[in-house]
Amino acid sequence: MLRIAVPNKGTLSTPAAQMLRDAGYRQRSDPKDLLCRDAANGVEFFYLRPRDIATYVASGDLDLGITGRDLLVDSGAAAHELLDLGFGGATFRWAAPADSLASAEELGGRRIATAYPGVVERYLAEHDLKAEVVPLDGAVENAVRLGVADLIADVVETGATLRQAGLVTVGEPILRSSAVLIGRADTAEEKRAQLMRRLQGVMVARSFVMLAYDVPAELLENATALTPGIESPTVSPLHREGWVAVQAMVRRDDVHKIMDELYDLGARAILVTDIANCRL
């Protein structure tokens, strides 16, 4: 039976469980449950602290896991990213008092406060920089004001909290994180193939919609140029002579623009339908 780790709480927990449900897997009904067995699919789900998931997967106690890329890097565990799941986005940046640091190249010799020492240490090693890393559990924005550090490395969203602490971002992001499926290098392909196909199907379904419309046959080439579909659109003759019905998958973000263009071209009865899941 495949053993998979899932975040038990935090920002990744609910969307991870929902993605697995959308992929056809049973999930726990009580948030206090630590284990959920899906016998029909041959899977056991273990609900663990997101920070611990990479460690359990790397040790071989669990086969696969869902966690944040930042937590995977921070753990230093010998687990590998298999699939970016497209949610839980976060950006890690340097932040320091205004005019105290011009670029990340000036980090050498500084004290850096962070709740993600593994992420910072990897960056320093990759860029051949030496600095003192000050590990903190959270609320690192106050570290500079309190004299614990010269700058911080933390997740930055709007930057409002940084500004309140008198800090500004410096240089390019340290890391762009999101939820990822992780495994070991020796994880058998057949053990993870079905899960990955299902998760990829959910991600495609969330990114695309099914667009259907009627159009005069003489305008078909122009219409299908707007809606080429994944492989090719489906075209069927209508009872109304000289007209055809077209169905194609289009990107959700583009659908309103495409609908306007189709209408201007002469298409009518333009309908959009959500896709629950798919296999391509």
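User: Where is Ala267 found?
Analyst: Ala267 is found in the loop between α8 (255-265) and β15 (268-274). Helices (H or I, at least four residues) and strands (E, at least two) are DSSP runs, numbered from the N terminus. The model is a predicted one: local features need pLDDT of at least 70, side-chain atom pairs count only at pLDDT 80 or more, and totals for chains, interfaces and linings use all residues. Residues are numbered from 1 along each chain as its sequence is written, and side-chain values use heavy atoms, with hydrogens and water left out.

User: Is Ala267 buried or exposed?
Analyst: Ala267 counts as buried, because its relative accessibility is 0%. Buried means under 20% relative accessible area, exposed over 50%, and partly exposed in between (1.4 Å probe, protein chains only).

User: What is Ala267 in contact with?
Analyst: Leaving aside neighbours within four places in sequence, Ala267 is in contact with Tyr213, Asp214, Val215 and Leu262. Contact means heavy atoms within 4.5 Å.

User: And Thr224, what does that touch?
Analyst: Not counting residues up to four places away in sequence, Thr224 touches Tyr213, Pro233 and Val246. Thr224 is found in helix α7 (residues 220-226) and counts as buried at 15% relative accessibility.

User: Switching to Pro237. Which strand is Pro237 in?
Analyst: Strand β13, residues 234-237, holds Pro237. Pro237 is exposed, with a relative accessible area of 73%. With residues up to four places away in sequence not counted, Pro237 touches Trp243 and Val244. The C-alpha atoms of Pro237 and Ala217 are separated by 8.7 Å, and these residues are 20 residues apart along the chain.

User: Backbone next. What is the phi of Asp128?
Analyst: Asp128 has a positive phi of about 55°, although it is not a glycine. Asp128 lies in the loop between α4 (117-126) and β8 (132-135), and at 71% relative accessibility Asp128 counts as exposed.

User: What about phi of Ala139?
Analyst: Phi of Ala139 is near 50°, a positive value in a residue other than glycine. Ala139 lies in the loop between β8 and β9 (151-155). Ala139 counts as exposed, at 59% relative accessibility.

User: Helix packing now. At what angle do α1 and α6 pack?
Analyst: Helix α1 (residues 13-22) and helix α6 (residues 189-207) pack at an angle of about 100°, with their axes 9 Å apart. Axes are lines fitted to C-alpha atoms, for helices over the stretch in contact, and angles run from 0 to 180 degrees between N-to-C directions. The two helices α1 and α6 are therefore roughly perpendicular to each other; angles of 65 to 115 degrees count as roughly perpendicular, under 35 as roughly parallel, over 145 as roughly antiparallel and the rest as oblique.

User: Which residues in α1 and α6 meet?
Analyst: From α1, Gln18, Met19, Leu20 and Asp22 meet Leu195, Leu199, Val202, Met203 and Arg206 in α6.

User: Zooming out, how many helices and strands does the protein have?
Analyst: The protein has eight helices and 15 strands. Its radius of gyration is 24 Å, well over the 19 Å that the globule rule gives for 280 residues, so the protein is more spread out than a compact globule. The radius of gyration is taken over C-alpha atoms, and the globule rule is 2.2 Å times the number of residues to the power 0.38.

User: What does the C-alpha trace span along its principal axes?
Analyst: The trace spans about 80 × 50 × 35 Å. Buried residues make up 46% of the 280 residues.
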